[in-house]
There are 2 protein chains.
Amino acid sequence: VNSLPGEFELIERYFRPLAKAFPGAYGLNDDAAIIAPLPDHELVAKTDAVVAGVHFLSDDPADLVARKALRVNLSDLAAKGAVPRAYMLDLMLPNTITEEWIAGFVSGLAQDQEHYGVHLIGGDTNATPGPLTVAVAAFGDIASGRMIRRATASRGDTVFVTGTIGDAALGLAVLHGDAPELDAGAANFLIDRYRLPQPRVALGQRLPGLASAGIDISDGLLADLGHVCAASNVSAVIEAARVPLSGAACAAIAADPRRIAAVLAGGDDYEILFTAPPSALSMLAEISRELGVPITEIGRVEGAAIGGKAKVTVLDNRGKPLAFDREGWTHF
Amino acid sequence: VNSLPGEFELIERYFRPLAKAFPGAYGLNDDAAIIAPLPDHELVAKTDAVVAGVHFLSDDPADLVARKALRVNLSDLAAKGAVPRAYMLDLMLPNTITEEWIAGFVSGLAQDQEHYGVHLIGGDTNATPGPLTVAVAAFGDIASGRMIRRATASRGDTVFVTGTIGDAALGLAVLHGDAPELDAGAANFLIDRYRLPQPRVALGQRLPGLASAGIDISDGLLADLGHVCAASNVSAVIEAARVPLSGAACAAIAADPRRIAAVLAGGDDYEILFTAPPSALSMLAEISRELGVPITEIGRVEGAAIGGKAKVTVLDNRGKPLAFDREGWTHF
């Protein structure tokens, strides 16, 4: 039996406050919202959904589920150089969901709205006989013509990543009991990185004009670099030893060096991978210092491989190519 | 076992063609889309999701599921006066879905894209252990400041509806075996009206400047008129005998007059309910003739009831108020 209040009461009590600062949301009291980009800007639009048992664990706290659902979308906007502004929300709720859960979910949204300066502008709640499902459509502003594309990397560009790579994949391994040797501090750090992405929103909006191409790392470093290469018709060579690792990830790899595959191919990093010409280096260093976010050079863009096929090569610390079983994971 | 191709192949083979005519979709080969309203316009944004077993029947044909998911969103844009332009799509697919089903789903989208002039600009496919779920976010253009609101109906306005009311609710009753006396022609007409909404897209975009307030009828005529009244702080009186009915609905009500409740409260009509001042009447008649869509006057807007509470009154053909068990249905 579903003990939730009706949809109208849910909106009034919980969701309306999330919309109050965005005039075009009309207090969620109309059928649609109005949104327009800033003058001389366009809207960057992205949608992504998360499903309990697929993208998060069914007993993850409600506020973290909300923040993860929102942040995976903000991460795409960040990688495209956009300033996030608003989002819409479709909630498919199984009948096990309580009003307390909704309150926690909404408090997670409120916290991230404050942090990222975004507003709920519309949505829909539905009953489902299936798992909790949250679909978000997010909107950001970008100066017209300046969205950072996948398809515009050039031979001679440098490949960069923000933050550290592989923490989320290792965090999931910890949750599955696959890294029992890690101390509690390292284990919790990695789990947090899996549960709560830290999209590089402040940094991403500094990249238009500097980055030649970009993508957020959700499928895995190798797969997402592969997407950039395929779209740009180039190849890339990265050096495994230059991929930035957290202390916890270093500890995990020290205990079992095969875990480097999870780092390079694991996914869920929500860092930005981008390419930039050498001329951007000093500006990037300054932005990194200013925002306190590491930006690390991990490789270079080369011409398309023989046969025109885009290819990503990983070199070990002797400069020899490494082989991997798979280049990341897809959603199937 | 899921026999579907991977996500990237699905996009390439089936979804990319739906995006080819919209430059900002980048062939679904980037992480986000670019959309900007026409000059001196704003975007109207709406999201709505449908779940198998809740909003449609699990064995409904794939193309109809696609078209219904899209059309319930286009219906909102139409009621707001917007010209639909683009949409994003989140698909949650159970492992029973086949490639043939995807092909049917996409052919339904292609058909409606052609019909309504909209384009797929982004999306996401996910596996789900639950029922098929389709979330759509739709965008339309509206001249700045001209969106038709819920909150702007005035005392003295006339209440209008487009098309005929109650067909979808009666169609669902037919599907449930609750109207065995209807002939096959009437039964199939009503079922079609349930399965495939006909959003009033061409008509809706003619209403800005004429309609004072509007809403699409999804929760039911009485509930949706109630939403307009509550948002506008007015009351409304409608005459049951003036509510426009199809021949099939007339036959169903002739067989059982209690079915008028399903007509007035049933929902899923996806017609437009709007209010307009008497000065709009001749223009509305002309638009109705030109587009071949009935526009019927069913009542009037009055001041807020005593205590300031918005209220909808239905009069029978002697002018006496009718009572209903419920004022439509909500999603819970």
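**Stop 1: H4 and H5 of chain A**

Select helix H4 (residues 167-175) and helix H5 (residues 184-195) of chain A, which pack at an angle of about 110°. That angle falls in the 65 to 115 range, so H4(A) and H5(A) are roughly perpendicular to each other. Their axes lie 7 Å apart. The crossing of H4(A) with H5(A) is left-handed. Keep in mind throughout that this is a predicted model.

Now show the side chains. From H4(A), the contact takes A:Asp167, A:Ala168, A:Leu170, A:Gly171, A:Leu172, A:Val174 and A:Leu175. From H5(A), pick A:Ala187, A:Phe189, A:Leu190, A:Ile191, A:Arg193, A:Tyr194 and A:Arg195. Colour the contact by class: 10 residues are nonpolar, one is polar and three are charged.

**Stop 2: H2 and H3 of chain B**

Move to chain B and select helix H2 (residues 62-79) with helix H3 (residues 99-116). Here the packing angle is about 40°, and the axes are 6 Å apart. Roughly parallel would need an angle under 35 degrees; H2(B) and H3(B) are therefore oblique to each other. Which hand does the crossing of H2(B) and H3(B) have? It is right-handed.

On the H2(B) side, display B:Ala62, B:Asp63, B:Val65, B:Ala66, B:Arg67, B:Leu70, B:Arg71 and B:Leu74. Facing them in H3(B) are B:Trp101, B:Gly104, B:Phe105, B:Ser107, B:Gly108, B:Leu109, B:Gln111, B:Asp112 and B:Tyr116. The contact of H2(B) with H3(B) holds nine nonpolar, four polar and four charged residues.

**Stop 3: two tyrosines in chain B loops**

Stay in chain B. Select B:Tyr26, in the loop between helix H1 (7-19) and strand S1 (33-35). Check its backbone: phi of B:Tyr26 is near 50°, positive although the residue is not glycine. Is B:Tyr26 buried or partly exposed? Its relative accessibility is 24%, so B:Tyr26 counts as partly exposed.

Next, select B:Tyr270. This residue sits in the loop between helix H9 (260-265) and strand S9 (272-276) of chain B. Phi of B:Tyr270 is near 55°, again a positive value in a residue other than glycine. With 8% relative accessibility, under the 20% limit, B:Tyr270 counts as buried.

**Stop 4: A:Leu315**

Return to chain A and pick A:Leu315, in strand S11 (residues 312-315). Its relative accessibility is 15%, so A:Leu315 counts as buried. What is A:Leu315 in contact with, leaving aside its neighbours within four places in sequence? Select A:Val237, A:Ile238, A:Glu239 and A:Ala240, which are among its contacts.

For a sense of span, draw a distance from the C-alpha of A:Leu315 to that of A:Gly123. The two C-alpha atoms are 46 Å apart, and the residues are 192 apart in sequence.

**Stop 5: the two chains together**

Zoom out to both chains. Two copies of a chain are related by a rotation about an axis and a shift along it. Here, a rotation of 180° with 0.0 Å of shift along the axis superposes chain A on chain B, with an RMSD of 0.0 Å. That is the relation of a two-fold axis. To locate the axis, select A:Gly130: in chain A, its C-alpha is the nearest one, 2.0 Å away.

Finally, colour the interface. Of the interface residues of chain A, 100% are also interface residues in chain B, so the copies meet through the same surface.

How values were computed
Residues numbered from 1 in each chain as written. Chains lettered and ligands numbered in written order. Predicted model: local features only at pLDDT ≥ 70, side-chain atom pairs only at ≥ 80, totals over all residues. Heavy atoms only, no water. Helix = DSSP H or I, 4+ residues; strand = E, 2+ residues; numbered from the N terminus. Buried < 20%, exposed > 50% of the residue type's maximum accessible area, 1.4 Å probe, protein only. Contact = heavy atoms within 4.5 Å. Axes fitted to C-alpha atoms, helices over the stretch in contact; angles between N-to-C directions. Parallel < 35°, antiparallel > 145°, perpendicular 65-115°, else oblique. Left-handed = near helix turned anticlockwise from the far one by under 90°. Nonpolar A, V, L, I, M, F, W, Y, C, P; charged D, E, K, R; others polar. Least-squares fit on C-alpha atoms with pLDDT ≥ 70 in both.
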